[in-house]
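Please consult the sequence and the structure shown here.

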Amino acid sequence: MSSQRDRRADMLRHGSIPKTLMSLAIPSIIGMVVNGIYNVVDTIFVGRLGTSAVGAVAVAFPFFMMISSIGIAVGMGGASYTSRVLGQEQTEEGRRTIATAVAMVILVGTVLSILGQIWLEPILRLFGATDTILPYAVSYARVFVLGSPILMVKMTLNNLLRSEGSAKAAMAALITGAGLNILLDPLFIFTFGMGITGAAVATIVSQTAAVLYQLWYYGTGRSLLTLGFAYLKPSKTIVTQIVKIGLPLLLTQGLNSVAMAFINVAASPYGDAAVASMGIVKRVMMLGIFALIGFSQGFQPLAGFNYGAKQYDRLKEAIVFA
């Protein structure tokens with residue numbers, strides 16, 4: 001295992017830029033596209049419950065994106081700093097960074113989970129839920145809100161794994177969650193008779209499995225860094241770096257969620273079918289966007305590592321090739 005860790009570090013520091021970038025980007029692209037396919041398949045299963053159920057998924061999607069954006073923001077903020085300190089060979093600072101990022105996202109996720117339960121209906125109405133969609137949307141979103149800390153941790157850990165060059169492990173986590181979700185959807189929705197609530201439960205169970213895989217990967221010494229409470233020693237520098245990089249991402253993702261909500265509100269006077277159709281279109285469109293996000297996620301650790309190592313020629317070459 002130590003030889004695998006050494007190879008990843010050597011690849012980031014000395015490997016061919018095109019080869020290294022593609023070896024990091026391709027697993028990220030595959031993982032993100034599989035995740036996008038799951039979103040489409042999930043809508044197909046929910047579609048068998050009726051138009052209002054699909055509309056509920058469309059209304060909850062911006063809410064889900066807002067929750068996700070926090071995990072992405074903390075994860076990318078932590079990943080950026082982690083890549084840079086690894087380039088400077090500051091392994092201990094890297095361990096402290098990933099522990100701090102995970103602790104931050106658990107804390108924020110727990111608070112949001114509590115507040116979301118209190119204000120769930122007003123938020124869903126604000127996001128375009130009609131009177132007929134609202135009961136489905138509440139049943140669907142309530143489970144998501146309860147499981148939001150799990151969703152955030154998964155996204156944070158995935159970005160942290162990529163930051164050290166473990167792109168295949170991050171891909172495996174995404175495929176585990178998405179693949180299991182596709183298998184569990186019909187089981188919870190139809191076999192167990194849980195309806196749209198079953199779709200949300202299947203998602204949380206699947207994402208929990210993905211988190212367990214990520215923790216297993218860290219716990220078995222396959223990663224460059226070690227994740228543990230012993231390294232939870234937050235510093236002003238670490239928190240500032242996470243927020244400094246993560247905040248612009250949070251604002252960008254948050255505005256995307258607001259834009260989706262406005263589309264739902266604009267569609268709602270035309271009936272549940274209009275809201276549902278917009279939700280389907282958005283999920284299909286996300287497939288292409290996820291592929292581009294995957295490429296950028298592959299680029300980030302290579303850029304961060306070489307910036308931290310002050311190998312600016314390699315950084316410039318990576319930018320030009322990307």
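Predicted model: local features only at pLDDT ≥ 70, side-chain atom pairs only at ≥ 80, totals over all residues.

Residues are numbered from 1 along each chain as its sequence is written, and side-chain values use heavy atoms, with hydrogens and water left out.

**Overall fold**

- The protein has 12 helices and zero strands; helices (H or I, at least four residues) and strands (E, at least two) are DSSP runs, numbered from the N terminus.
- Its radius of gyration is 20 Å, close to the 20 Å of the globule rule for 322 residues, so the protein is as compact as a globular protein of that length; the radius is taken over C-alpha atoms, and the rule is 2.2 Å times the number of residues to the power 0.38.
- Of the 322 residues, 52% count as buried, that is, under 20% relative accessible area (1.4 Å probe, protein chains only).

**Largest pocket**

- A pocket is an open set of points on a 1 Å grid over the protein atoms alone, with protein on both sides within 12 Å along at least five of seven lines; lining residues have an atom within 4 Å of a point.
- The volume of the largest pocket is about 580 Å³, a volume being the space filled by probe spheres set on the points.
- The lining comprises 26 residues, of which M32, I72, Q253, I293 and Q297 are the closest to the pocket centre.
- Two or more lining residues come from each of α2 (17-47), α3 (51-87), α7 (148-163), α10 (236-267) and α11 (272-308), and α11 gives the most, with seven.
- By class, 13 lining residues are nonpolar, 11 polar and two charged; Ala, Val, Leu, Ile, Met, Phe, Trp, Tyr, Cys and Pro count as nonpolar, Asp, Glu, Lys and Arg as charged, and the others, Gly among them, as polar.

**Cavities**

- There are three cavities of 30 Å³ or more, a cavity being a set of grid points where a 1.4 Å probe fits but cannot get out.
- The largest cavity holds about 70 Å³, and its lining includes N35, K154 and Q207.
- Helices α2, α7 and α9 (195-219) each supply at least two residues of that lining.
- The second largest cavity has a volume of about 50 Å³, and R283 is one of its lining residues.
- Helix α3 contributes the largest share of this second lining, three residues.
- The lining of the second largest cavity divides into six nonpolar residues, one polar and one charged.

Technical notes:
Buried < 20%, exposed > 50% of the residue type's maximum accessible area, 1.4 Å probe, protein only.
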